[in-house]
Amino acid sequence: MFQIIFKSMLSTSVRDKVTLFYSLAFPLLLMIGLGYYFNEQYQQLQIVAGVTAISTIFWGMQGIAFQVHVQRNRGVYKLLKLTPMPLASFIVIMVLARTFIGVLINIIVWLVGIFTFSIDLTSLTVVNTFLLLIVGSLCFTSIGFVISNLARNEAQISMFSNLIQLPMIFMSETFYSLKNAPEWVVFIGKMLPFEHYVKALRGVMLGENSVLLAGLGIPIIYLVFALLISILTFKWESNQEGSRQERGKVES
């Protein structure tokens, strides 16, 4: 059962062309565009870290939210409900499958940036970055799973995703400094996992491994809470299916 669900998530993830564009093609184009105007080493490191982080959040949050929504509407989960597999295990498997591809995409984006800007790395930097990519992908994918449970349709998925993604990106120092930003913007940004994630990605490339703890710890906290909420709010059937059943009972 584990292999069936895992392979199913992998196959449908690969066919998700829209999310692949925003998590792979768009970050690469953004990296090339920004790299044309910024030549300093620190700015290039910031670009690589920021674009990689954006790739992570786009793939993790919107991708799985739409994927789970489509599978739920097709009645896939109604069949899985009949199996003895615990709900928690089922959700974890789906998150892991989506994360597996997400990490591969993030590595591609990151490596392209490294070779494009000729950035020198140590073996420790590579290991720390890989660890960050795994934890970050798990975190944002789990949040995306929550969105899929709360949203009633695709329009709400887009709305909820943007309401969460955009503040995370713009209230972080992904591509610019927040020194002159209002205190409340800085405070909220530090409360969100994306700020710590992108800082850690940039920090490990600079050899500042002190930021690694927060870059891993904060996303892990969000990951745990998101998984718990996903389990509590999970729906085996779509809202449309429930509405049809209710109308059928009234008519009968």
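**Entry 1: the whole chain**

Among contacts between residues at least 6 apart in sequence, what percentage join residues at least 24 apart? I looked it up and found 82% in this protein. Contact here means heavy atoms within 4.5 Å.

Before going on, I noted that this is a predicted model, in which local features need pLDDT of at least 70, side-chain atom pairs count only at pLDDT 80 or more, and totals for chains, interfaces and linings use all residues. Residues are numbered from 1 along each chain as its sequence is written, and side-chain values use heavy atoms, with hydrogens and water left out.

Next I checked the secondary structure. I found 11 helices and zero strands. Helices (H or I, at least four residues) and strands (E, at least two) are DSSP runs, numbered from the N terminus. Along the sequence the pattern reads α-α-α-α-α-α-α-α-α-α-α.

Then I looked at burial. Of the 252 residues, 48% are buried. Buried means under 20% relative accessible area, exposed means over 50%, and partly exposed is in between (1.4 Å probe, protein chains only). The accessible surface comes to about 12,800 Å². Carbon and sulfur atoms hold 68% of that surface. The areas come from the Shrake-Rupley method with a 1.4 Å probe, and for residues only the protein chains shown count as cover.

**Entry 2: helix α3**

I turned to α3, residues 41–73. Its 33 residues should span 48 Å at 1.5 Å a residue, and its end C-alpha atoms are 48 Å apart, which agrees. The expected span is 1.5 Å times one less than the number of residues.

Where is the kink in α3 centred? I found it on Gly63, at about 25 degrees. The bend at a residue is the angle between axes fitted to the seven residues ending there and the seven starting there.

I also counted cover. In α3, 27 of the 33 residues are buried, so the helix is largely enclosed by the rest of the structure. Just after α3, Gly75 takes a positive phi of about 80 degrees.

I picked Thr52, which sits in α3. Is Thr52 buried or exposed? Thr52 counts as buried, because its relative accessibility is 0%. I set aside neighbours within four places in sequence and listed its contacts: Asn106, Val109, Trp110, Leu133 and Leu201.

I followed the list to Asn106, in helix α5. Asn106 is buried too, with a relative accessible area of 0%. Not counting residues up to four places away in sequence, Asn106 touches Thr52, Ser55, Thr56, Leu133 and Ser137. Asn106 and Ser55 are 51 residues apart in sequence, yet their C-alpha atoms are 6.3 Å apart.

I looked at the loop between α5 (87–116) and α6 (123–150), where Ser118 lies. Ser118 is not a glycine, but it has a positive phi of about 55 degrees. Ser118 is exposed, at 55% relative accessible area.

Helix α6 has 28 residues and reaches 41 Å from first C-alpha to last, close to the 40 Å expected. I found 20 of those 28 residues buried, which leaves α6 mostly covered.

**Entry 3: the salt bridge**

How many salt bridges does a search of the whole structure find? I got one. A salt bridge is a side-chain nitrogen of Lys or Arg within 4 Å of a carboxyl oxygen of Asp or Glu.

Glu195 pairs with Lys199, and the closest N and O atoms are 3.3 Å apart. The two are four residues apart in helix α9 (residues 193–205), so about one helical turn separates them. An α-helix has 3.6 residues a turn, so residues three or four places apart point the same way. Glu195 counts as buried at 4% relative accessibility, whereas Lys199 counts as partly exposed at 31%.

I then checked Thr174, in the loop between α7 (154–170) and α8 (183–191). Thr174 is buried, with a relative accessible area of 1%. Leaving aside neighbours within four places in sequence, its contacts include Gln46, Gly50 and Arg202.

**Entry 4: a surface patch**

Last, I looked up Leu228 in helix α10 (residues 212–233). Leu228 counts as partly exposed at 47% relative accessibility. With Ile220, Ile221, Val224, Phe225 and Ile229, Leu228 makes a nonpolar surface patch of about 540 Å². Patches are made of residues with over 30% relative accessible area and no salt bridge; like charges are joined within 9 Å, nonpolar side chains (Val, Leu, Ile, Met, Phe, Trp, Tyr) within 5 Å.
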